[in-house]
Amino acid sequence: MIAIHDLATRPESAAVGVPIPHESAALHVTGTALYTDDISYRTKDLLHAFPVQTTHAHARVIAINSAPALAVPGVVRVLTADDVPGINDAGVKHDEPLFPPEIMFYGHPVCWVLAETLEAARRGAAAVAVEAEPLPAILTVAQAIEAASFQGARPIVACGDVEQALQQARHAFSGELEFSGQEHFYLETHAALAHIDENGQVFVQSSTQHPSETQEIVAHVLARASSEVTVECLRMGGGFGGKEMQPHGYAAVAALGAALTRRPVRVRLSRQQDMTMTGKRHGFHATWRVGFDADGHLLALDAVLTADGGWSLDLSEPVLARALCHVDNAYWIPNVRVKGRIAKTNKVSNTAFRGFGGPQGMLVIEDILGRCAPLLGIDPIALRERNFYRAGQSTPYGQPVRHPVRLAAVWSETITRGKTASRADELERFNAEHPHRKRGLAITPVKFGISFNMTPFNQAGALVLVYKDGSVLVNHGGTEMGQGLHTKMLQVAATALGVPLDKVRLAPTRTDKVPNTSATAASSGADLNGGAVKDACEQIRERLLTVAGGMLGVSPRDVLITDGVARALGARPGDGIAWQELVQAAYLQRVQLSAAGFYRTAGLHWDSSAMRGSPFKYFAYGAAATEVEVDAFTGAYRILRVDIVHDVGDSLSPLIDLGQIEGGFVQGAGWLTLEDLRWDCSTGEGGGRLLTQAASTYKLPSFSEMPEIFNVTLLENAHEAGVVYGSKAVGEPPLMLALSVREALRQAVAAFGPSGSSVNLPSPATPEAVFWALQDASAPCDGAGTWAGHGRTPVDGAVVRPAPVGDRPKQPLHV
């Protein structure tokens, strides 16, 4: 194991910290990178699997007649529940039947057809007759709340005395907010390829973020031991959390088909199938009460967050827990009571998505501050900064906030680099001169906890092999989905061994090389796997230092290996032992040239039942300033400029980190402004159907939505002790910087109305939603939530109003 004080130490001439391209960049842009489904075209005697999807949102399966499918030329078999030798379930909660007796959402597959060609499988699936008895369906969170349709735990994060604080607050408000989920829309849809070898061993290629869990699910479906199942992930064409839990069922279908037919079986979803069968980011409904003192300091927050879990639990419980742990974002609130619950609806089972509940929690508090700032008569930028965490303060769940000075640093540097003060004056002049176009500028912070909320998941393993020619092969438990994890692990290994980067190669992630791995998720991939890779490499290096010491006639403590040469301290340039020579000498001395590394995150403790403890290793900080321009006639808008300062510690790979920050921001902007999931919520035929099931109806960010000026800066002097080479995670936190886009739109919309008015902005804030919001902003409100402009009360979001929390005299605050 690596001592904590050694983990962050970065040697001279390190490969980490060097801005290099993604290790597969050339393969990506030339189209030669292999993905799971590409292997199927190289596979002999392949069978294709196709799902039989149903057209009920909720129904009981009465009978499945597969005989017509078997009559279709090319169809080999129809897989049903009767074929499962083990457990008919694809989830870790045992609430996701692989072949369901009850249809739980529109498009739910009840069986799978195997055929010689994909077209034959499709025709066979269309021929299967499914008899079902329709049942009442719950299609919205509001319906679930009314019917008390909930599932899973109901956690509560609490501190202080909320009721007393609200009574004493100078200003108190209450409100409601409902916001949408988000489709992952990874470029590579779900895919799996399974075959059985001559000994009955199961081998599955899967596009999965969690190979070990895919292995476990396949094993229990087939009634096999995990040692009889090997899962490999070459790379993914995007994952974003959507391939953390959801790939398991598709891998199990492929494996079951292969086991029954003794032929390789391929599962690859079309885009429409992927969108209609797989879970999304959780949409949420929130009700809240909040209190401020006379100076605008937050005193109390009382909220209920309801997540739309869909038909099964999946990862909804930890997603909800993280949302509750991030509802404070960067702000100290001394009195908090936030209750969480998971709605059970007849929709796809919602799952992990970049940020894992954190964005939803942060959206609630940022929406509150954005609405309340004008009612308090305080500039939103000043209101946010006024409530930042300070030294010595702790989160509502009891974790001390370390390095809050970095929060202030990223904030002030964003303001300085973005020249926001002078631009605010220019913006005010622009708005005065343009009655039909208005601009808005907003700055929002991010404080995001890094580690799995589930403490046992914070561990990783690695296997490093050094060959006699000096080449190095690294196996680790993390998966590559385009985020650059493998690139960072190459740099970590090269640094730890003291060799040039071109000496090191990464192997695909396989469960027979590194067992019992955690998902590549929670932004922890580089922290966990980097620690494990470093541990393995340092074991090998220590052995080689002993060999080199003997060859040089000095103590091993007086030997350094840098740039592929072992040298004694104080040696002249040119003196030393080349890496390959050293490795060959070690082999001849029968010194082990491989090592298994292990890492577990220290200092974590978490009581999930009490929602108390320190679940995070550290917090990642960031800030973004965004300026937008809105058109009064259409609600269309442009993102004019974005300035970001983000804390990644001492970056392992700066070019990778810059790409992650830019991509995360744009993906977050898509969730908050463009990506509008629409469902048919009618009770008739088609009720429960996803209406936005292709890129033609589901709008994604494109080049036209990119900021015209996009500046990203990594915070300097941000070394993080106790983390591999002083770095910090970067995968998820930047997504939440996009909250500044939504708040900038709020400011622009407010500019169309009278000064001091509170703007209610739906999420996603599509151009249509912005148009209605600016209509509302320019019309007076009667205080009951109805706007005179068109007599319309917005469905998403709610009126901010004084909360009836006492008889004390208080300043009247009205929308």
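1. About 310 Å³ of space lies in the largest cavity of this predicted model. A cavity here is a set of points, on a 1 Å grid over the protein atoms alone, where a 1.4 Å probe fits but cannot get out. Grid points are joined across faces, edges and corners, and a volume is the space filled by probe spheres set on the points. Counted by this rule, there are five cavities of 30 Å³ or more.

2. The lining of the largest cavity has 18 residues, and Ala90, Glu96, Gly249, Tyr250 and Trp311 are the ones nearest its centre; a lining residue has an atom within 4 Å of a point. Strand S5 (109–115) and helix H8 (247–261) are the elements that give two or more residues to this lining. H8 gives the most, with three residues. Helices (H or I, at least four residues) and strands (E, at least two) are DSSP runs numbered from the N terminus. By class, the lining has 12 nonpolar, four polar and two charged residues. Ala, Val, Leu, Ile, Met, Phe, Trp, Tyr, Cys and Pro count as nonpolar, Asp, Glu, Lys and Arg as charged, and the others, Gly among them, as polar.

3. Helix H11 (residues 358–376) and helix H19 (residues 739–750) have axes that come within 11 Å and cross at roughly 25°. Axes are lines fitted to C-alpha atoms, for helices over the stretch in contact, and angles run from 0 to 180 degrees between N-to-C directions. H11 and H19 are therefore roughly parallel (angles under 35 degrees). Met362, Leu363, Glu366, Asp367, Gly370 and Arg371 in H11 meet Leu739, Arg742, Glu743 and Arg746 in H19, contact being heavy atoms within 4.5 Å. This contact has three nonpolar, one polar and six charged residues.

4. H19 also packs with helix H18 (residues 654–673), at an angle of about 45° and with the axes 8 Å apart. On the H18 side are Phe665, Ala669, Leu672 and Thr673, which meet Leu739, Ser740, Val741, Arg742 and Leu745 in H19. The classes in this contact are six nonpolar, two polar and one charged.

5. Two backbone points remain. The peptide bond from serine 763 to proline 764 is cis, with omega near 10°, and proline 764 sits in the loop between H19 and helix H20 (767–777). Lysine 419, although not a glycine, has a positive phi of about 50°.

6. Residues are numbered from 1 along each chain as its sequence is written. In this predicted model local features need pLDDT of at least 70 and side-chain atom pairs count only at pLDDT 80 or more, while totals for chains, interfaces and linings use all residues; side-chain values use heavy atoms, with hydrogens and water left out.

Technical notes:
Angles under 35 degrees count as roughly parallel, over 145 as roughly antiparallel, 65 to 115 as roughly perpendicular and the rest as oblique. On a 1 Å grid over the protein atoms alone, a cavity is a set of points where a 1.4 Å probe fits but cannot get out, and a pocket is an open set with protein on both sides within 12 Å along at least five of seven lines; lining residues have an atom within 4 Å of a point.
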